[in-house]
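The following note sets out points for a colleague examining the model below.

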Amino acid sequence: MRKISVIGVGYVGLVTAACFSDLGNHVIALDVDEKRIAGLKRGEMPIYEPGLEELVQRNVEAGRLAFTTSYKEALKDCEFVFICVGTPSGVDGDADLKYVESAAKSIAENMQAPLIVINKSTVPVGTGDWVAEIITRAEPKPIDFWVVSCPEFLREGSAIADFMSPHRTVLGSLHREAADKVAQLHLPLRAPIVITDLRTAEMIKYASNAFLATKISFINEIADICESLGADVKEVAAGMGKYFLEAGLGYGGSCFPKDVKALAFMAEEMGHEPRILNSVMTVNGLRREMVFNRLKNIIGDLKGKTIGLLGLAFKWNTDDMRDAPSVDIAEALLNAGAKVRGYDPVAMEAAKELIPKVDMARDAYDLADGADALVVVTEWNEFKNLDLERIRNSMRQPIILDGRNIYQPEQMRKLGFTYQGIGRSYSGNGQIQTEIKVRPNAA
Ligand SMILES: NC(=O)c1ccc[n+]([C@@H]2O[C@H](COP(=O)([O-])OP(=O)(O)OC[C@H]3O[C@@H](n4cnc5c(N)ncnc54)[C@H](O)[C@@H]3O)[C@@H](O)[C@H]2O)c1
């Protein structure tokens, strides 16, 4: 049993704390948000993540997991401290490191014995060295410490499974012995462990996220081409090997948008033009506009029309609304004078704060009632088997824009919907839009 402290109890920190305690360690998790910690002490989860509540409860009851707002208490007899605070976008697209800085200072001021400081937050290349400088400067008396980077690859919605069965564990440090000790902590996860230097580990995280974001923008561009040429992007993606090749409304959430931006910023700072990253961001931004433009093409003037957003979270199985496509789509529709309604199985509380003018529905059927169009924004499972006849009969106009390709175009047309998926080459009346001339010899 090792004594571990986790700083920040958001999506990454709380999962890290719960999983390490479940692996038999003694974990104390800290946050500066007193409400969050008070709630956790009462057994209330600050976020929605499947399986998390049960895992937290089990380990609290077993005496392996506790919560605090006191750094002094968190660091008492502690061997490892994981920094898991947020690193949102700064004004220029760079990562804002104020939470990391403040966590590093508090660690320095409260550490009582030699400590391995592990950075799990996604931070710009060079931050590990900077954290070491902050701690050295802020320590009241010199105590040994070592900084290790351990980027996190979990995905919200499957965070516990991702944490417990990762594809790989990446560790970076200038101190091999410290990295080896952190590797020992991860051995029960039985994943390959890559040990490298600090900066390379930090870069691996950005490169990984930027690569996945690139795949999403790539398949979205292919979707547009499929639409013009009469091909079906879902089949194309299946033929290519589906991983992160789902065409739709583009990426959102708390990681890809800010991480691609931050990597482009780092490149520009060093005098490189990040051409691919810039295109990835441009293509992604256009997906949100596309929804608005398509609705206008189908419906005409949107003023006074009621549009229902099926799903609000940036993806299914989470309540995370950070950089969710639904927010931009709702705002564009509201600006055009439409009435916007929304429904999401878990994200409506969080959504209300961001888009207060959106009227929240009780369920998908309530959302459809009297709507001129529905837009599938989030691919929640519960939307996949709705009673679509009931939906069609209650809508003012049976129009569905399926931004996540959860329905079958053929079936939707048979049911009498004006239906558009993404990259599926069908117009609302079932006609392929473009005739293609095949030229055997273009010379
Ligand atoms: N969310 C994800 O899916 C995910 C996946 C991989 C990596 N990451 C990265 O992990 C980091 C954390 O992301 P998140 O989504 O968990 O963030 P989050 O916003 O959900 O949680 C951050 C927590 O840190 C707390 N905090 C801020 N300053 C603090 C301080 N000085 N001391 C103690 N607590 C403090 C906040 O109160 C908050 O509870 C980010 O760098 C993110 O890029 C996130």
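1. The structure is a predicted model, and the remarks here should be read accordingly.

2. A nitrogen atom of the ligand lies 3.4 Å from an N or O atom in the side chain of S254. For E156, an N or O atom of the side chain is 2.7 Å from a nitrogen atom of the ligand. On the oxygen side, a polar side-chain atom of T87 is found 2.6 Å from an oxygen atom of the ligand. On its own the ligand has 830 Å² of accessible area, of which the protein covers 91%.

3. Composition of the ligand shell. There are 29 residues around the ligand, and those that come nearest are D31, Y71, T87, E156 and K258. Sorted by class, the shell comprises 13 nonpolar, 8 polar and 8 charged residues. At least two shell residues are supplied by each of helix 1 (11–22) and helix 5 (98–110). Helix 5 provides the largest share, with 3 residues.

4. The loop residue N25. This residue sits in the loop that runs between helix 1 and strand 2 (26–30). Is N25 buried or exposed? Its relative accessible area is 7%, which is under the 20% limit, so N25 counts as buried.

5. Surroundings of N25. The side chain of N25 makes polar contacts with the backbone at two residues: it reaches the backbone oxygen of F20 at 2.9 Å, and a polar atom of this side chain lies 3.3 Å from the backbone nitrogen of R2. Leaving aside residues up to four places away in sequence, N25 touches M1, R2, I4, F20, R64 and L185.

6. The largest nonpolar core. In soluble globular proteins, nonpolar side chains tend to be buried together. Here the largest nonpolar core holds 61 residues, and the members that touch the most others are L295, I307, L309, L333 and Y407. Helix 12 (residues 275–299) contributes the largest share of this core, 5 residues. With residues up to four places away in sequence not counted, L333 touches F292, L295, L302, I307, L309, A338 and V340.

7. The second core. A separate core of 37 residues is also present, and A18, F20, A159 and V182 are among its members.

Technical notes. Residues numbered from 1 in each chain as written. Predicted model: local features only at pLDDT ≥ 70, side-chain atom pairs only at ≥ 80, totals over all residues. Heavy atoms only, no water. Near = heavy atom within 4 Å. Polar contact = N/O pair within 3.5 Å; in protein donor to acceptor, adjacent residues only side chain to side chain. Areas by Shrake-Rupley, 256 points an atom, 1.4 Å probe, with all protein chains shown as cover. Helix = DSSP H or I, 4+ residues; strand = E, 2+ residues; numbered from the N terminus. Nonpolar A, V, L, I, M, F, W, Y, C, P; charged D, E, K, R; others polar. Buried < 20%, exposed > 50% of the residue type's maximum accessible area, 1.4 Å probe, protein only. Contact = heavy atoms within 4.5 Å. Core = buried A, V, L, I, M, F, W, Y, C linked by side-chain atoms within 4.5 Å.
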